[in-house]
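Colleague: Hey, I'm new to this one. Can you walk me through it?

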Amino acid sequence: MYIDTHVHLNADQYDEDLQDVIDRALNSKVEKMVVIGFDRKTIKRAIELAEQYDFIYAVVGWHPVDAIDCTDEDLEWIEQLAAHEKVVGIGETGLDYHWDKSPRDIQQQVFRKQIQLAKRVKLPIIIHNREATEDVLTILREEDAQEVGGVMHCFGGSVETAQESIKMNFMISLGGPVTFKNAKKPKEVAAEIPLEYLMIETDAPYLAPHPYRGKRNEPSYVPLVAEEIARLKELPVEKVAEATTKNAERFYKFS
């Protein structure tokens, strides 16, 4: 069995065939899926999906790229939703220095506010980090994020950064890029980091694993991520599936 710990089934890309996508996931032994909301529209949809399907859970938060659009009212709404029985985390939040829609100081303010929110509601934090590793780690330390911990989603950093994150009570989640031929860092992390700290995800509809790279991703592909981790660790894929599933159940406190 597998758990896709980070998927955007609330994305417009699934409007035409969502039920088929969900059925393919279940047929591929993906037993649970965590749908991530990151703005008003996607948060609302994530909650709807979690209420519709007993094997789907929701995470609610505000994406750093759109931090400039985030109001105090939005954060109050997210805090209210955190009490929902199917909401299992806060995010995705963090920093993204690749796109320049939201100034860095605003991203950092919204990130800090969401860490504080997560601590109030006692839920783990789902971290988006693009080209901002030093600032992400600094803010997590300064805000004492290890109190609730979290996950470095679709991790693309170094083994050293992964180890630093683990010390702060964060899990490492690997997605499609670990299967890319030229993905040196994710492969090193998959090989070096102990299984007890790893989770798997698709980040679908983005970042489809090989051999679907460049196409629309979907949760039925998450076993391909597990297979590559198993290859790199020289373990049976069943062991990776079992460990990452247990890790996700413990992390998200699934009943």
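This is a predicted model: local features need pLDDT of at least 70, side-chain atom pairs count only at pLDDT 80 or more; totals for chains, interfaces and linings use all residues.

Colleague: Let's start in the sheet: how many bridges join strand 7 to strand 8?

Modeller: There are 3 bridges joining strand 7 to strand 8 (residues 198-200), and the two run parallel. Strands here are DSSP runs of E with at least two residues, helices are runs of H or I with at least four, and both are numbered from the N terminus. Two strands pair if DSSP finds at least two bridges between them.

Colleague: OK, back to strand 8. Which residue stands opposite M199?

Modeller: That's S173. Right-handed means that, with the strands pointing away from the viewer, the path from the first strand over the helix to the second runs clockwise.

Colleague: And what pairs with strand 7 besides that?

Modeller: Strand 6 (residues 150-152) pairs with strand 7 in the parallel sense over 3 bridges. M152 has I172 in strand 7 as its bridge partner. The chain gets from strand 6 to strand 7 through helix 6 (residues 159-167), in another β-α-β crossover that is right-handed.

Colleague: Why is strand 7 largely enclosed by the rest of the structure?

Modeller: Because 5 of the 5 residues of strand 7 (residues 170-174) are buried. Buried means under 20% relative accessible area, with exposed over 50% and partly exposed in between, using a 1.4 Å probe and protein chains only.

Colleague: Which of those residues point which way?

Modeller: F170, I172 and L174 point one way, M171 and S173 the other, and all are buried.

Colleague: Switching topic: which residues does UniProt list for "binding site" together with D203?

Modeller: The unreviewed entry lists H6, H8 and E92 along with D203. UniProt positions use the numbering here, feature names are shortened, and annotations may be inferred rather than shown by experiment. They span 198 residues in sequence, yet no two of their C-alpha atoms are more than 11.1 Å apart, so they gather at one spot. H8, E92 and D203 from that set are in the lining of the largest pocket. A pocket is an open set of points on a 1 Å grid over the protein atoms alone, where a 1.4 Å probe fits, with protein on both sides within 12 Å along at least five of seven lines; lining residues have an atom within 4 Å of a point.

Colleague: Where is H6 found?

Modeller: H6 is in strand 1 (residues 2-7), and at 1% relative accessibility it counts as buried. Leaving aside neighbours within four places in sequence, H6 is in contact (heavy atoms within 4.5 Å) with residues including E92, H153 and D203.

Colleague: And H8, buried or exposed?

Modeller: H8 is buried, with a relative accessible area of 2%. H8 is found in the loop between strand 1 and helix 1 (18-27). A polar atom of the H8 side chain lies 3.2 Å from the backbone oxygen of I36.

Colleague: Where else does UniProt place a "binding site"?

Modeller: The unreviewed entry also places that feature at H128 and H153. They are spread over 26 residues of sequence but cluster in space, with a largest C-alpha distance of 6.0 Å. The lining of the largest pocket takes in H128 and H153.

Colleague: What do their side chains do?

Modeller: The side chains of H128 and H63 are joined by a polar contact of 3.4 Å, and those of H153 and E92 by one of 3.3 Å. A polar contact is a pair of N or O atoms within 3.5 Å; within protein, one must be able to donate a hydrogen and the other to accept it, and residues adjacent in sequence count only if both atoms are side-chain atoms.

Colleague: Where does H128 lie?

Modeller: H128 lies in strand 5 (residues 125-130) and is buried, with a relative accessible area of 13%. G94 stands opposite H128, and strand 4 (residues 87-96) pairs with strand 5 in the parallel sense over 5 bridges. H153 lies in the loop between strand 6 and helix 6.

Terms used. Residues are numbered from 1 along each chain as its sequence is written. Side-chain values use heavy atoms; hydrogens and water are left out.
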